[in-house]
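Please consider the structure shown below.

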Amino acid sequence: MKTRLTTLFLLCLTAVVTASAKEVPQLVNVMSHESMLLNGKWHYIVDVQEEGYYDYRMNPTRWGFFRNAKPQRPEDLIEYDFDKAPVMNIPGDWNTQDERLFFYEGTVWFKTAFQAQVPIEDGYRTLLYFGAVNYDCRVWVNGREAGHHVGGFTPFNFDVTEMLRNGENTVIVKVDNKRRAENVPTQIFDWWNYGGITRDVMLVKVPPTYIESYKLALNRTTAKKGSSSIDFTVSLNAKEAGRQVQVSIPELKVKKTFTTDDEGRISAAIDVKTKALQLWSPETPKRYQVELWLRGKAADGIGGSDVVADSIGFRTIETRGKQLLLNGKPIFLRGISIHEEKPNGGGRANSTADAHTLLSWAKELGCNFVRLAHYPHNEYMVREAERMGILVWSEIPCYWTIAWTNADTYRNAERQLTDMIRRDQNRANIIIWSIANETPHSAQRDQFLSRLAKQARQLDDTRLISMAMEVTSASNYKNRLQDNMNEYVDVISFNQYIGWYRDVNDAPKMEWEIPYDKPVIVSEFGGGAKYGLHGPKNQRWTEEFQENLYRENVAMLDKIDGLAGTTPWILKDFRSPRRVLDGIQDYYNRKGLYSDRGEKKLAFYVLKEWYAGK
């Protein structure tokens, strides 16, 4: 009898564990939909040995943490209780909210409870949306598995309609940020591995059929001919033909209706008066209010209309020989690299306020461009940069040594690339999709990255493709850039650290040969200094050393043929476990032009002066 009950218990438990919700494609512009934020104080349990997930498989008398079990009798043994566990701010990283977890890499469980009403309108659905979770997460709603996602910097959502109930609901998330060789990024990288639910969590209400993705972009060909046409595409979440979508841009007097094809898609052109169209640029970051309206099925009496609103700018970006052309005119990208980290030691940045602070520092430096390294940053960052008139390089974390021959690794990288492009395809300020940073050369690497480049081109041909290369051929003071990926990118970008990993006195003697008729961006250069440490210019870690390094480097860069911009490394000091020098680094990469607290180092003024002349 005991064996039979145990077997029955296992069957029931397996049914609960495997009854997954449906992961649906990422919803573009989630901010425009009716939603309920689940941000706030979540309970958490640190699970070093992942007991809460794996132990129930070996011992069916124990409950996995995802069940949120409670004792039913005084003698019941349940060795966890979320309601008695401490709380943490979500979104947020665990490293800076619990000093015990500063260096922790492993599993932490999170739980929140909320009151909700299941949609009563005919056929409406509820999506559970995560802006990002680092890195591997599993999600349960009311004890039922909603899904599994891998990748730390892009959004995802599950359809949890059938899992919700009227009244109190619970969401439990298992988060694992352990580094693995097959991950993207891989085991070794030079930034802090912030673990946790690092971006917004929300419930999103959508009709049975809704606008899943859309894109509006200025047609470059017509713009060259003196007229203006906006390329307009829409994808519904269902393959429904004959659905009408109205697009309205009041300021341009546009109000047109289009009909979906058999795939539930629309691909059309919208003509606008050229004189009426003001193009987005750093000087005039003009955006237009756009509204898309998917009409309900009036014929059969079913509602379900969907309205999406956005603010969209229109511009062109292209190359001509070694020039970058924004809206048909040459531009020099006065840039800086930025990590997604709050000022003042605050951990992972995750708000518009964080974005505004960092971007304001970049503007004070004289920047019109930022490289968001080395992964897709928060959507707030991209949108705030667009509002402030700052161009953007957006990147996926194919960083250093990726498992090039691993098929799952490639699928992971391609998904991150796809999700990055999908989320931000309507942001006018993004001009470069970057597929990698400092990857060692090999045939396997070339095959991996060329596939990514082709995928990026297929997904979005209105922007440029680049990657941060390494200079691999050097003879005395002559450097020649050679990279087989040159044929797949539109912009040649490379990192170099003359003066930091090579004597600063070498910079005036350096000659650069870049044998490609394409624009050049020096995507990294610089060196470290601890704010407030002063001394002679040949003494490492002093502000004077970094100041002299920048002075020598910008003079050297002026000699590079086809130089179209730079993104020095980096805006501010940021945390890195690789930087262990006591009293100087203290687990910070000190290459910032600002300290972590926003204090300007002497090198700041060198770059600011150089940019003023550009």
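This is a predicted model: local features need pLDDT of at least 70, side-chain atom pairs count only at pLDDT 80 or more; totals for chains, interfaces and linings use all residues.

Residues are numbered from 1 along each chain as its sequence is written, and side-chain values use heavy atoms, with hydrogens and water left out.

Lys572 lies in the loop between β34 (563-566) and β35 (574-575); strands are DSSP runs of E, at least two residues, numbered from the N terminus. Lys572 counts as buried because its relative accessibility is 5%, the limit for buried being under 20% relative accessible area with a 1.4 Å probe and protein chains only. The side chain of Lys572 makes polar contacts with the side chains of Glu341 (3.2 Å) and Asp596 (2.5 Å). A polar contact is a pair of N or O atoms within 3.5 Å; within protein, one must be able to donate a hydrogen and the other to accept it, and residues adjacent in sequence count only if both atoms are side-chain atoms.

There are 5 cavities of 30 Å³ or more. A cavity is a set of points on a 1 Å grid over the protein atoms alone where a 1.4 Å probe fits but cannot get out, and lining residues have an atom within 4 Å of a point. Grid points are joined across faces, edges and corners, and a volume is the space filled by probe spheres set on the points. The largest cavity holds about 100 Å³, and 16 residues line it, with Asn134, Tyr135, Pro185, Phe189 and Asn193 nearest its centre.

Notes. Helices (H or I, at least four residues) and strands (E, at least two) are DSSP runs, numbered from the N terminus. Buried means under 20% relative accessible area, exposed over 50%, partly exposed in between (1.4 Å probe, protein chains only). On a 1 Å grid over the protein atoms alone, a cavity is a set of points where a 1.4 Å probe fits but cannot get out, and a pocket is an open set with protein on both sides within 12 Å along at least five of seven lines; lining residues have an atom within 4 Å of a point.
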